[in-house]
Amino acid sequence: MRVKMILPALTEAISPHWRPIKYSLFPPLGLATLAAFFPPDAEITIQDEHVEKLDLEDEPDLVVIQVYITSAYRAYELADYYRQKGVYVALGGLHVTALPEEAASHADTIFLGPGEDTWPQFLADWQAGNPGKVYASKIRSLIGVPPIRRDLIQRHLYLVPNSIVVSRGCPHHCDFCYKESFFQGGKSFYTQSVDDALAEIDRLPGRHLFFLDDHLFGDARFAGALFDGMMGMGRVWQAAGTVHSVMQPGLLEKAVASGLRSLFVGFETLNGDNLRSQHKYHNLNRDYSGAIRRLHDLGVMINGSFVFGMDADDEAVFDRTIAWAVENGIETATFHIMTPYPGTALYQRLAAAGRITNSNWNLYDTRHVVYQPAKMTPEVLESGYWRAYEDFYRWGSIFQSAWTKETWDGRWRHLIYAGGWKKFEPLWDMIIRAEQVAKVRPMLESVLQGFRPQSARPNPSSELVVS
Ligand code: B12
Ligand code: SF4
């Protein structure tokens, strides 16, 4: 059996002029997870169009494509091409789950939700010559799932080949998030067993790990046991967590002792009305500045996530957010324009109000405005978003933010880390094109590792409690 698995890219990622570093960060874990269910004699290739040119001259028996919203049109183009050649095509992933009717016209079989239960069922049916048209996931468990086929991943093409997910979903229910619609019809938050997660970590070479879980700290008992098990493994790692999880006594300390050095934190907005309208209640009444101090005191760098364009935002939101992030010494930030993904409560609300203005999925990349904002024009929102990146990453801001750290060590690491990501993008592009990205990994590890806990905490001028 010859199988071709494809992660298609959005146009920007394969542009001859520019390829942002973010597309060469993480390998396609979803496809490598599904690959583990094939019989041992199957000939499987995984191709990730973000990092390589696709070989379209092959003649596989089965093509498996993972569809994200921004790569949907490219995925359909590839699916149509292989179907014309008489190849059986299976489509799954977030966008297929959100819009099954749209995807179905480009596939022999579509899959809704996570694939750990439906994929082995399909393979059995397909080999028996009796595959269904639609498989919808119902059983939500990672227990007994075979180890992910990392041998099919071309490690040298990624800065972070050791990315790993030990859970699925999240215990929270924010209106703008993909997860409610994706996990419909079953549990929307579940974890591996701690032993399986530790065994997977053990199999990964080198020191650096990046947990891609939506919320690694979502089950405090699981997370605590995982961090206990990681003690003494000599890892340095990065992950994502909520403001609330940072404040939980004891858990963060364990995470740091087991190697946590940088955390992606979903602050999203500094406005309590926005949090309420998005049902992001777990961020309400949280002392954001206190959470930042706690992370910095423990030597953990922060990638703050912020969303612009929620209904309480007016054009003052950009300057206010940047000033606050800089004053609080946040090392890196990821900004998004609010994007109503089909299938989410946010999409339904805006569609019902006639506020969706564009249904070109290529633009649903959190950098374009595809709806009518409440308190500013789409043009102001889009230009404010780009200005936010410029303002946050100008050298003046980086220095000001770095100087909230009280030690030279802290300031130096802030400068290297923040400057390294954004100020040298052309250099990253060259490194990626020369397929030398793996050589930069030791530098990343030492910057992460070198950020030692500060004895005195920074003293930002603004204290912000979101309420
Ligand atoms: C790594 C990552 C990326 C990487 C690349 C993706 C990759 N290598 O897979 C990069 C940095 C390039 C990226 C970019 C973007 N991303 Co991204 N990314 C992620 C992240 C953090 C992890 C993905 C992952 O590995 N998951 C773990 C694996 C095991 O799960 P999985 O991939 O979903 O696969 C499972 C199922 O989907 C299903 N499945 C998938 N395909 C198929 C196919 C078949 C046939 C079957 C049966 C099943 C199946 O089975 C798999 C096993 O359960 C997710 C968040 C998350 N936790 O998933 C966001 C996430 C997918 N990204 C998101 C977004 C919005 C983006 C961007 C548009 C945003 C931006 N401005 O950067 C861009 C553009 C993406 C693109 N290329 O089109 C959103 C998607 C929203 C949506 N509705 O599509 C997510 C969910 C983050 C979020 N919480 O909002 N991303
Ligand atoms: S906390 Fe994050 S991952 Fe969880 S539902 Fe909200 S946005 Fe989604």
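The largest share of the shell around ligand 1, four residues, comes from α1. This is a predicted model, in which local features need pLDDT of at least 70, side-chain atom pairs count only at pLDDT 80 or more, and totals for chains, interfaces and linings use all residues. Residues are numbered from 1 along each chain as its sequence is written, while chains are lettered from A and ligands numbered from 1 in written order.

**Ligand 1**

- The shell has 38 residues, and G30, Q66, G92, F111 and G115 come nearest (near: C-beta, placed from the backbone, within 6 Å of the molecule).
- At least two shell residues each come from α1 (29-35), β3 (62-66), β4 (88-92), α3 (94-98) and α5 (118-127) (DSSP runs numbered from the N terminus: helices H or I, at least four residues; strands E, at least two).
- By class, the shell holds 23 nonpolar, eleven polar and four charged residues (nonpolar: Ala, Val, Leu, Ile, Met, Phe, Trp, Tyr, Cys, Pro; charged: Asp, Glu, Lys, Arg; polar: the others, Gly among them).
- Ligand 1 lies between domain 1 (2-136) and domain 2 (159-449), because both give residues to its shell (bounds from an automatic or database domain assignment).

**Helix pair α13–α15**

- The axes of α13 (residues 317-327) and α15 (residues 378-392) come within 10 Å and cross at roughly 25 degrees (lines fitted to C-alpha atoms over the stretch in contact; angles run from 0 to 180 degrees between N-to-C directions).
- F318, T321, I322, A325 and V326 in α13 meet G384, R387, A388, D391 and F392 in α15 (contact: C-beta atoms, placed from the backbone, within 7 Å).
- This contact of α13 with α15 has six nonpolar, two polar and two charged residues.

How values were computed: Contact = placed C-beta atoms within 7 Å.
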